[in-house]
Every structure is written in structure tokens, then in C-alpha cells.
Amino acid sequence: MAQQSTSVFQRLRALSTKATMTAGFPNPQPYYSYNQTTQKWNPVRSGNTTTLDPTTTVTPLKSLTLTTWNIDFQQPCKTERTQAGLNYLSKVLLRPSDDSSNTNIAPINIIFLQEMVPNDLTIIQQTKWIQDRFFITDLSDTHWRGTYGTTTLIDKRCQVQRVFRVPYSTTRMQRDGLFVDVNCFQGQEGGSGTLRLCNTHLESLLSKPPIRPIQLHLASQFMHGSFEQEKGDLPTPHAAILAGDLNAFAPEDLTVPIECELRDAFLVLGGKDGTEQSFTWGQQVPDWVREKFGCSRMDKILFCGGLEVDSLKRIGAGEMAWIEYPQVSDVESEDQEKGEEMWITDHLGLCARFRIMGLEGEETVG
């Protein structure tokens, strides 16, 4: 009985650390940069994005690579799987010759992660290639409403304007959209504007009436700049990208991006729904799960405004994490299993390359 009371107290105390947020509205939050001298992550204020790391200079944002990946929180050994996932991402996104002294030759990267748990955020903060190259949006679960959430890694060469979350008004699973505004500009002779990035994990499972279309409609208002002005003093973006685990497996999920006037990167590049090449979920689950639910294109990258997508690929197929068994005896036999491999996650990730269009000679927006 005392054990149960302690557990309740701990849960209440954990809840008390959560930020107070208003559903349906933008809720500002800080983002963070790693200080190599103090070896700490410090909050960054908009407009001072390079002061904490003078070795990194703001780069004209003409193109970017956006990567999104859901690392399943329900399966065991989350720490090992997240570490393996981050190691894999470094190989996929960073050139072999890249190091902290020549980051300006590498493509600008934005990374969306879903189904993070608090310990994942600790792992992210301790990862050197992230410390060297990225701002991060979350040090803790303070700005999540649930026990897991989203976090975004932003290339340090980007000029970040603001970070905010929009908790979905209609949700049973405490889902939200995590928005990051960065300045997209063509250099001294070109125009500039806001590129709005939304990392989201839409509602899971089926519901009546469907919840995911309502959530995507709300997120798309912020992408188009069509939200009511009382929802925040935000600029209308020049372009916007939304990506993540959209749990798109029901009939209504096929049409709602069109209703929201969003382009689907996969379809724009000639992909077709229902094909093997489209699926991002179902390949890395137990056979009985695949037989029951099949495969689907749960993960998507949607966009609008002054952008063109040049390429899109799936990542993470077949990637495994080594899980070492705890040693139960001081005596080891030759045939004793030392561990096993398991999939990093049940989702494939997506990696898309975008070009920002139509900024030459335009006036600054925002």
C-alpha cells in the first residue's frame, strides 16, 4: 500500500513539471545549443543563434535535407535501440569526411524524431555529432503532454526565428505539432522569408469520428498562415514542411492532405500508394502483426509554398540493434547466447531533399 502511494506521489510530481499549454494555440518554448567550453546545453534566444558557438556561421538556406523517423517506445531495450538509431543516422546524413571543422560543406540537415521518451533526450544530449552540429528543441519532457513525444534537431547553420508547439484540441493521446521557424534566404542579393517546419505524430488507431483529419487541418493552418490572428503574432511563412508518423492507414488519410492543400513528397515524385515502395510500416514487425494489419504508408512528408522536392528515400530498412543479455553466471559456456539483434524500430524513416524557390528579390517576410 505504501509502495502504491509513493508511485502516485511520483507521478503527480512528474506532472507538476509539465509546462502549461493551451490547446489549439502556439505555445512558445526554448531551444538549445551545446557550449563546448562549459560542456552544457544552454537555451538560445531568437536573433542570437550564433553567439554560443562562434565557429559556426549562418549559411544561406537555399536547400535542406529533412529526415523523419519514429523509434518505437513500446518495444523493450529503448536505450540500445535509440543509440543504434542515432549511430545509423550519423552514417546516413554526415559525409565520411565531415568533422566539426568543415561543417559548412555538408548539406543542411533537419531531423524529426517521434516516440521519444525522457531517457532518449538524455542520449541525444550526450551524442557528440549532435553536440557539434545541431540545436535541439527539448532537454526534458517539460513541453510534452504525455509520457512520450517529439523532438527536433536543427542544423546550427540555420537562423532559428522561433520554436512553438500547438497541442491538438482533439486528441485522446496528447498529440501535438512541434513547429520550428527558420529564416530562409538567398544571400545578400536575394530575398528572405520564413520556412516553417512541423514535426508531428498524429493520433493512433481508428476513431469515430476520425481524429487525424482534424489534427492535420489544424497543423495546416499554421503551415499556410491561415490561422486566426488571435492564435499568435506569427508571420505567414514563405514555405512549410510537415513530416512524421501520420498513422495514415485509413481511407480518410488518403484524401486529407489534398483537403489541406498540402503536397505529398512521395506522390509528387511519382510514387503510388499501395505499392511495396510506398510502405513505411509493417516490414519490421512480427509475422502475426503483419498478417493482421498488413503494411501501410504511415509516415509522410507534406509541404506547401515556395518549395520543390528533389528526392525522397526510405531509411532504416533492416537496421538492427545488438541487445546484450545480462550475465547470470561467472561461468560462460561456448554455446551460451550472449545477446541478440532486434529491429531498431517498427517504422522506416524518410529522408527528403528540398530546394527553396521564389525568394529572389522578394521582401523579407516576418
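Me: Why does Cys198 count as buried?
Reply: Buried means under 20% relative accessible area, exposed means over 50%, and partly exposed is in between (1.4 Å probe, protein chains only). Cys198 has 0% relative accessibility, so Cys198 counts as buried. This is a predicted model: local features need pLDDT of at least 70, side-chain atom pairs count only at pLDDT 80 or more, and totals for chains, interfaces and linings use all residues. Residues are numbered from 1 along each chain as its sequence is written, and side-chain values use heavy atoms, with hydrogens and water left out.

Me: Why does Cys184 count as buried?
Reply: Cys184 has 1% relative accessibility, so Cys184 falls in the buried class.

Me: How many disulfides does the rule give?
Reply: The rule asks for a pair of cysteine sulfur atoms within 2.5 Å. The count comes to zero.

Me: Why is Lys78 called buried?
Reply: Its relative accessible area is 11%, so Lys78 counts as buried. Lys78 sits in helix H2. Helices (H or I, at least four residues) and strands (E, at least two) are DSSP runs, numbered from the N terminus. Setting aside residues up to four places away in sequence, Lys78 touches Ile71, Asp72, Phe73, Glu115, Met116, Val117 and Asp120.

Me: What makes strand S5 a partner of S7?
Reply: Two strands pair if DSSP finds at least two bridges between them. Five bridges join S5 (109–116) to S7, and the two run antiparallel. Ile110 has Ile154 of S7 as its bridge partner. Strand S6 (134–136) also pairs with S7 in the antiparallel sense, over three bridges. There Ile136 stands opposite Leu153.

Me: What makes the set around Val182 a nonpolar core?
Reply: A nonpolar core is a set of buried Ala, Val, Leu, Ile, Met, Phe, Trp, Tyr and Cys residues joined through side-chain atoms within 4.5 Å. The largest such set has 32 residues. Val182, Leu195, Ile241, Ile301 and Phe354 have the most contacts inside it. A second, separate core of 29 residues includes Tyr34, Leu113, Met116 and Phe134.

Me: What makes Phe73 and Tyr148 a stacked pair?
Reply: Rings of Phe, Tyr and Trp (its six-membered ring) pair if their centres lie within 6.5 Å; planes under 30 degrees apart count as stacked, over 60 as edge-to-face and the rest as tilted. The whole structure holds 10 aromatic pairs. For Phe73 and Tyr148, the centres are 4.1 Å apart and the planes 25 degrees, so the pair is stacked. Phe73 is in the loop between S4 (63–70) and H2 (78–93), and Tyr148 in the loop between S6 and S7, so the pair ties together parts 75 residues apart in sequence. Phe73, at 26% relative accessibility, counts as partly exposed, whereas Tyr148, at 18%, counts as buried.

Me: Why is the pair of Phe303 and Phe354 called edge-to-face?
Reply: The centres are 5.3 Å apart and the planes stand at 70 degrees, so edge-to-face is the class. Phe303 is in strand S13 (299–305) and Phe354 in strand S17 (349–356), so the pair ties together parts 51 residues apart in sequence.

Methods. Contact means heavy atoms within 4.5 Å.
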